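Subject: Structure handover

Hello,

Here is the structure you are taking over. Please open it beside this email and follow along; my notes come after it.

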Amino acid sequence: MRIAIAGGTGLLGGRLAHEAEGRGHEVRLLSRATGIDLTRPDGAVSAAAQIEGCDAVIDVLSIGTQNDAASIAFFESTTRALLAAERRAGVGHHIALSIVGVDRAPTAYYAGKVAQERAVHEGPVPWTILRATQFHEFAAQMFTVAARGRIHLAPRMRTQPIAADEVASHLVDLAEMPACGRVPDLAGPHEENLVDMIRRYARATGHRGWIPAVSLPGSFGRAMRDGRLLPSAGATIGRQSFAEWIVSLE
Ligand SMILES: NC(=O)c1ccc[n+]([C@@H]2O[C@H](COP(=O)([O-])OP(=O)(O)OC[C@H]3O[C@@H](n4cnc5c(N)ncnc54)[C@H](OP(=O)(O)O)[C@@H]3O)[C@@H](O)[C@H]2O)c1
């Protein structure tokens, strides 16, 4: 098969490309680093040329923002550009990765993911949407993002994290199948607390500083703590635990 990966140079996209190539698929990458900016007016046209002859497009694009309007604008415009490109190039399957609980917890980033899901539902291309929980690698992302000078803050959150490699493998499985709409959530094998995950990640990577736990304010902070971001019953459960992932870093 030929599979295009939008966001194929990112954290998950790199793993996806590796997994798909390992299974013998031809992979095409779409990102600004490969010359395609999907937020630009000509994004759909340049993407269409890149995905010509592909069987499926997997969207793992992302933006770092804490602004609702910026998040919605990014996910709506990039999704619409991809769908227009797929239509133009005759690609028959659009696969989007979303996040467990996006519609249960109000935050700027999730507002964009909800808009992305809606655009896919309403779009012209047969689709599959997978919602996954936080990746094990989320501990590393939060360790970096929530740094204030030399202090690294650890937000309180209940999560059931999954290895990014397993999300990548599941997405390639989905690309090998016909479009199937919304599929069961994907989560890791155990519930964890994010404070503990961040502290274990910091220790495993040689950081010895103070990492205070913090409760994020507002309704999203409450959603993080009250379990609304945990997977629903019937979720597909991955194999690698957070503890096993941490050992693999050492
Ligand atoms: N992290 C988690 O715990 C988690 C959990 C569940 C689901 N997800 C979802 O997983 C997906 C991937 O997340 P990630 O952490 O792997 O993201 P990431 O590392 O930030 O990668 C984002 C990708 O998007 C590309 N990109 C950004 N702006 C672009 C633009 N204007 N045009 C074209 N490409 C653009 C980037 O490449 P360039 O910079 O080269 O453009 C990069 O390849 C996201 O949809 C996220 O919502 C994440």
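Two strands are said to pair if DSSP finds at least two bridges between them. Strands (E, at least two residues) and helices (H or I, at least four) are DSSP runs, numbered from the N terminus. This is a predicted model, in which local features need pLDDT of at least 70 and side-chain atom pairs count only at pLDDT 80 or more, while totals for chains, interfaces and linings use all residues. Residue numbers start from 1 along each chain as its sequence is written.

**Strands**

Strand E1 (residues 2-6) pairs with strand E2 (residues 26-30) in the parallel sense, over five bridges. E1 also pairs with strand E3 (residues 56-59), again in the parallel sense, over four bridges. Ala6 takes part on both sides: its bridge partner in E2 is Leu30, and in E3 it stands opposite Asp59. E3 in turn runs parallel to strand E4 (residues 94-99), joined to it by three bridges. There, Ile58 stands opposite Ile95 in E4.

A residue counts as buried if 20 or more other C-beta atoms lie within 10 Å of its own, as exposed if there are 12 or fewer, and as partly exposed in between, with C-beta atoms placed from the backbone. Four of the five residues of E1 are buried, so E1 is largely enclosed by the rest of the structure. In a regular strand the side chains alternate between the two faces of the sheet. Both faces of E3 are covered: Ala56 and Ile58 are buried on one side, Val57 and Asp59 on the other.

Which residues does Leu97 contact, leaving aside its neighbours within four places in sequence? Contact here means C-beta atoms, placed from the backbone, within 7 Å. The partners are Asp59, Val60, Leu130, Ala132 and Leu171. Leu97 belongs to strand E4 and is buried, with 26 other C-beta atoms within 10 Å.

**Helices**

Axes are lines fitted to C-alpha atoms, for helices over the stretch in contact, and angles run from 0 to 180 degrees between N-to-C directions. Angles under 35 degrees count as roughly parallel, over 145 as roughly antiparallel, 65 to 115 as roughly perpendicular and the rest as oblique.

The axes of helix H5 (residues 138-145) and helix H7 come within 9 Å and cross at roughly 85°. H5 and H7 are therefore roughly perpendicular to each other. Ala139, Ala140, Met142 and Phe143 of H5 make the contact with Leu194, Met197, Ile198, Tyr201 and Ala202 of H7.

H7 (residues 194-204) and helix H9 (residues 242-249) have axes that come within 10 Å and cross at roughly 20°. That makes H7 roughly parallel to H9. In this contact, Met197, Arg200, Tyr201 and Ala204 of H7 meet Phe242, Ile246 and Leu249 of H9.

Helix H1 (residues 11-22) packs against helix H6 (residues 164-175) at an angle of about 55°, with the axes 9 Å apart. H1 and H6 are therefore oblique to each other. Among the residues that meet are Leu11, Leu12 and Leu16 in H1 and Val167, Leu171 and Val172 in H6.

Regards

Key:
Two residues are in contact if their C-beta atoms, placed from the backbone, lie within 7 Å.
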